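Open the model in your viewer and keep the selection tool at hand. This tour goes stop by stop.

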Amino acid sequence: MSVVRFGVSLEKELLDELDELVAKNRFSNRSQAIRQLIADNVSRSKWECNNLVVGSITLIYDHHKRDLLNALNEVQHQFYEEVLAAQHFHINHDLCLEIIAVKGRAVRLTELADRLIAVKGVQHGKLTMSRPLPHETTKP
Ligand code: NI
């Protein structure tokens with residue numbers, strides 16, 4: 001991919017915030033920070049559509065909650081075509097961390113994540129998706 005240079009004008013305060021992100025080691029330099037922030041935004045706006053993407057769903061939950069495991073299992077079976085694999089980690093006596101690798105249409109993955117995160121007892125949930133996969137055709 002060819003790289004194009006261009007000038008950017010922005011408010012001093014905004015530039016300070018950008019430099020702060022770089023200083024906190026979130027990015028190695030300004031260019032990388034701007035590149036990543038744009039890429040994140042572009043991929044987020046494409047989540048709603050039919051693009052084929054891969055991603056992960058991170059869940060933290062209390063496994064003692066009644067019916068929670070059954071509910072999570074049930075939802076994943078309804079989306080068996082999208083779920084590639086799931087890994088479970090016992091964080092402490094009560095909490096579990098589950099990371100589910102997913103692949104499919106962005107709109108389906110969003111629906112799957114929303115359903116899992118909505119299960120009673122799930123304390124934290126987050127879906128991360130890639131940019132659209134190249135060289136793969138979208139399902140009809
Ligand atoms: Ni566990």
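What share of the contacts in the protein chain with a separation of 6 or more comes from residues 24 or more positions apart? The share is 67%, where contact means heavy atoms within 4.5 Å.

Before you start, note that this is a predicted model: local features need pLDDT of at least 70, side-chain atom pairs count only at pLDDT 80 or more, and totals for chains, interfaces and linings use all residues. Residues are numbered from 1 along each chain as its sequence is written, and side-chain values use heavy atoms, with hydrogens and water left out.

**Stop 1: the whole chain**

Show the protein chain as a cartoon. It has four helices and four strands. (Helices, H or I with at least four residues, and strands, E with at least two, are DSSP runs numbered from the N terminus.) From the N terminus on, the order is α-α-β-α-β-β-α-β. The radius of gyration of the protein chain is 19 Å, well over the 14 Å that the globule rule gives for 140 residues, so the chain is more spread out than a compact globule. That radius is taken over C-alpha atoms, and the globule rule is 2.2 Å times the number of residues to the power 0.38. Along the principal axes, the C-alpha atoms fill a box of roughly 55 × 40 × 20 Å. Of the 140 residues, 26% count as buried. Buried means under 20% relative accessible area, exposed over 50%, and partly exposed in between (1.4 Å probe, protein chains only).

**Stop 2: two domains**

Color residues 12-48 as domain 1 and 52-132 as domain 2. These bounds come from an automatic or database domain assignment. The C-alpha centres of the two domains lie 27 Å apart.

**Stop 3: the N-terminal end**

Select serine 9, in the segment before helix 1 (12-23). Serine 9 is exposed, with a relative accessible area of 77%.

**Stop 4: helix 3**

Select helix 3 (68-78). Which of its residues are buried? They are Leu68, Leu72, Val75 and Gln76. They cover an arc of only 100 degrees around the axis, which puts them on the same side of helix 3. The arc is that of the directions from the helix axis to the C-beta atoms. On the other side, Asn70 and His77 are exposed. The cover over the buried residues of helix 3 includes strand 1, strand 2, strand 3, helix 4 and strand 4.

**Stop 5: helix 4**

Next, select residues 106-117, the twelve residues of helix 4. The buried ones are Ala106, Leu109, Thr110, Leu112, Ala113 and Leu116. They cover an arc of only 160 degrees around the axis, which puts them on the same side of helix 4. Their cover includes strand 1 (52-62), helix 3, strand 2 (83-90), strand 3 (95-105) and strand 4 (122-129).

**Stop 6: the nickel ion**

Finally, show the nickel ion. Which protein residues are its donors? They are His88 (NE2), His90 (ND1) and Cys96 (SG), lying 2.1 to 2.3 Å from the ion. Donors are N, O and S atoms within 2.8 Å of the metal (3.2 Å for Na, K and Ca); water is not among the atoms, so sites may look incomplete. In sequence, the donor residues are spaced H-x1-H-x5-C. Histidine 90 is exposed, at 67% relative accessible area, whereas cysteine 96 is buried, at 1%.

Notes. The expected span of a helix is 1.5 Å times one less than its number of residues.
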